[in-house]
Structures are given as C-alpha cells and as structure tokens.
Amino acid sequence: MLQLNHITIYHRKDDRTLIRDFSFTPHEGEKAAFIGEEGNGKSTLLALIHDPSLIESYADVTGSISKGGCITGYLPQQLPAEYADMTFWEFLYSADDLSSSPDGPSIPLVNRLAAEFGLSERITNDEIPLGKMSGGEKIKVQLIRILSGEPDVLLLDEPSNDLDLGTLVWLEEFIRETPKTVLYISHDEVLLENTADCIVHIEQIMRRTEPKVTVSRTGYAEYVERRTGMLEKSEVIANKEKAELDKKMERYRKIYDRVRVAQRNNSRQDPATGRLLKKKMHSVKSMGRRFEKEKENLAKKIDSEEAIMIDFPEISVPHGKVILDLNLPVLYTGGNEHPEKDAEILAENLRFTLYGGDKLVITGRNGCGKTTLMREIARRLLPRTDLHTVYMPQHYEDEMPQEKTPVEYLSETGDRSEDIRHRTYLGSIKFTAAEMEHPIASLSGGQRAKLYFLKMILSGADTLLLDEPTRNLSPMSNPVIRRILQNYGGTVIAVSHDRKFIDEVAETEYQMD
C-alpha cells in the first residue's frame, strides 16, 4: 500500500516550500486528481512518489514514502526528447524507467494492450518513430510500456495534453475503468468531472508564501461547488462583521471629536467641568481600544489561491466588417505559401467567413491540419493594417525570450512607471516578487501561458488567434480565461479540444475531418 507520511518539499531555486507536512494514503482503485494553480508542486509531488531522484536537482524533501511492495508506473508530462527517433518496439525495450519489469515487456501483453488501445499496424510494425506520432498515439504507447510492467499505481502527469476529443473520451474510459489506483494531474475539467473520486488540491496561500493541501474524497464538480459556497459564505460573514464594526468606529470617532472639542473650549475657570471631560475622554479611549480588539478578531475571508486575470480593455470591431473570407481548395502540410513538391494534402474545401466580433473554434482529430490552418490564417491576418492581430501558437514558449524576466518581457518603454504597473499586473495574476525576477525559462508551463495572455491583453489587440490556449492552464485558471474571452469584444479564432472552452466561448464550431 502506498503511503505518504509528513511530506515537506522545499524548492531551492524559488526559496519556498511547495508542500508542508502532507500525509496521504490513496484507497485501492481510487482515482485521485491533483489540482491547483501553476507552479505549486503537483508535478514535483508526482515525480517524487515514483522516484525521488527525479527532483533531487532542485528540491529538498523530508518525510517518507512507503510503497509496501507496490509498483508505480509513471507517465511524465512530456515524452523525453531522446525517445523521439525510436519506433514502438525500440521504445518498449529501451533501457529507461518507464517500465518496472526487469525482463522487459511481455509480448502477448503488449499485443493485447495495443489491440485494446486501437493502435494502428503502422505503429506496431515499427513504421513510424514516436516523434511522428500524434499526441494520442504517444500517450497510448507510453501507457502500454508502463502497463507492461504491471504496476499497482499509475502516476499520470497531464495525460490529457495534446489529445483530440476522441482520444480524450478514450482516456476518460481508461482511467475510470482500470482497477488500478490512479494519481493524476489534468487541466481538462470535463475529464476531472468524469473520472475523479478524490481531489487533492495543492495551493499557495498568503500571497504564495504558505502551502496548503486539501484532500476531499468527492467528485470534482462537487468539490468545486462546495469550495465556491464556502468561499462565498466566508466573504459574506466577513463583510457583514466589517460593516458593523465600521458603524461602531464611526460613532466612536464622532464622540471622540465632540469630547476633544469640549476639552479645548473648556475654560480653566471651570476645573470641575475639565475633570469630567478628562474622565469622559478616558472612557472614550477605552471604547476605542475595545473596537481595535474587535477588529483583530473579525472573521476573515478564507485565504485561498483563486485564479485571476485582468480583463481586455473595451474593444469593439464593427460586426459587418469582414475579418476573414477563407476559401482554400486544398491545405498542404507545411502550409500553402511555399508548398514542397511532395507535400501531402491535409484537408480540402476549407471555406468560412468571419465578421467582427465572431468567435470561432476549429476542432478535429489530431493530424487533420488544424495548426497548419491556423498558421495559414495568421499569415493572412497579421500583416493587415486595419486589424491589430495577435497570435498565440501552440508552442508559444518558442516565441518568448527565455532569458528575459516577466517584467522585461512585458516592457515596451522601460519607464519606471511602466515597470511598476507591470509588476502590479503580475502580482494580480499571482506571480511572486521572486518569480517576476526569474527568467521565463524557469517558469512553469501554466505561468508562461498566463504571462503570454497578459502580454496579449496589454497589447489592445482586436483579433486573437489562439492555438490550444488552455492546454497548460490549471482547471482553476481555465474558467477565468473562458470568462474573459466570452466578454472580449473583438474577434476570436481558436483551435481547441477543451470541451468547456468549445461550449462556453465558441459561437461557431468549424470541424475539420
């Protein structure tokens, strides 16, 4: 049986404690989802459970983990680059830590799993390397490698990233139906709602200086509903008590001012009145001290780490303005600007028209050309002078200068007033003062995503091109981003597999085959 006993994790680079004195024993067959804002230590905790050496380069740990003979199978957040050129069987038999079986995987078991997972023969016949596989195919191949070691506990770090809708449904069924215990991280709220029966919420409260972990053996939707109700109730109570104390303090100040004026106006020829006023002032000051104690004991709003992001400025695009009139008879791999002679056709007969303020989400299976289409759209819209278009590519990290700090990245003029304003914005989206000075390369994927969003918001763009914008954001941040985009007055063209994003942001869905 897996047991975590009084685990404390200290991040040396950030000089902060990610998790303090955390104990947890998952039930057999339990599906426990680790949630929380970006950079809070979810991936670090998952890696620690599997193999402490994975985090020893940047974190110090106290406490103990007892596995009691159980075997863990670990799916990292990203497939390590050294496996990209390996084919299916090369990968399964490679000397790495993705399998717990010392003798390598059982061929009959692998064949059975490949059939159950619906892997094509081009993969099982070693016709393509892992680097050329779709996101869903990579996940399935890694899961086969893990499962061939017959682990008791699966540790899955964001397995839903880069999956199309069909594979997301498959993954949900796999997590829900496997008899194994599963500890996992996911940003997909629908997947969480459909699979989790235990929520482990990892937070950083008090301006991200104090770690907090909440374990709730409920479903995700129930946990969010309970938490929202609890936060709202605490706010109502705190606001009511503060309003009542404010009234008392106002009455106190009026009495204090009257007595002070009377003392000032009292003639020395009336010492008796002076003594009475002095006694009265003593009583009034005593009242003030009581109110100050009441202030210290006021009910406080529950300290929590709720996601936040500033809104776009008020932007309006004429609804009759044609933003994009797309008519592509064919879409080639690599794009249509300079197609190679042997370029394959990804899609045909792509046609739609977008007007000012429209919100379109492009969907479809992995590999059908959604990202290529988005690049083609960006090639057409970015040069236009009648629009202010910004583009968030799927791998937006490549567009960010990794050596710069968040403050430097946002800077346009370098003025001190601008610097102060940008630090305020970064603080409002839960960046600590230390993180504002870290290079972008050291930030988590979610922090980089929020920083990129902030840059877009400050740009005042009227047209947004977003390729998988929520893929690195936590389930606590995603509702905030959806609300901002719902209220955005400009035009949105997005690629997404996020079912809540599609339902809540898209006015039109364009599905590619």
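**A loop and its surroundings**

At 7% relative accessibility, E158 counts as buried (buried is under 20% relative accessible area, exposed over 50%, partly exposed in between, with a 1.4 Å probe and protein chains only). Before going on, keep in mind that this is a predicted model, where local features need pLDDT of at least 70, side-chain atom pairs count only at pLDDT 80 or more, and totals for chains, interfaces and linings use all residues. Residues are numbered from 1 along each chain as its sequence is written, and side-chain values use heavy atoms, with hydrogens and water left out.

E158 sits in the loop between β6 and α6 (165-177); helices (H or I, at least four residues) and strands (E, at least two) are DSSP runs, numbered from the N terminus. Its backbone is worth a look too: E158 has a positive phi of about 55° although it is not a glycine. For background, most residues other than glycine have a negative phi. E468 has a positive phi as well, near 55°, and isn't a glycine either. You'll find E468 in the loop between β14 (463-467) and α16 (478-487), and at 9% relative accessibility it counts as buried.

β6 belongs to an open sheet of six strands, ordered β5-β6-β7-β3-β8-β9, with mixed pairing; two strands pair if DSSP finds at least two bridges between them. At the edges stand β5 (72-75) and β9 (210-216), each with a single partner strand, so one side of each has no neighbour in the sheet. Direction ignored, neighbouring strands here are turned by 15° against each other on average. Further along the sheet, β3 (residues 31-35) and β8 (residues 198-204) pair in the parallel sense over four bridges, and I35 has H201 in β8 as its bridge partner.

Helix α1 (residues 42-50) lies across β3, β5, β6 (153-157), β7 (181-185) and β8, running at about 150° to β6. Axes are lines fitted to C-alpha atoms, for helices over the stretch in contact, and angles run from 0 to 180 degrees between N-to-C directions. Eight of the nine residues of α1 are buried, so the helix is largely enclosed by the rest of the structure. Among them are K42 and H50 as well as L45, L46 and L48.

W170 and F174 both lie in α6, four residues apart, about one turn of the helix. The structure holds eleven aromatic pairs, where rings of Phe, Tyr and Trp (its six-membered ring) pair if their centres lie within 6.5 Å, and planes under 30 degrees apart count as stacked, over 60 as edge-to-face and the rest as tilted. The rings of W170 and F174 have their centres 5.7 Å apart and their planes at 10°, so this pair is stacked. Both residues are buried, W170 at 17% relative accessibility and F174 at 12%. K140 lies over the face of W170, 4.9 Å from the ring centre; a charge sits over a ring if NZ of Lys or CZ of Arg is within 6 Å of the ring centre and within 35 degrees of the ring normal.

What does F174 touch? Leaving aside its neighbours within four places in sequence, F174 is in contact with F117, L143, L147 and L154, contact meaning heavy atoms within 4.5 Å.
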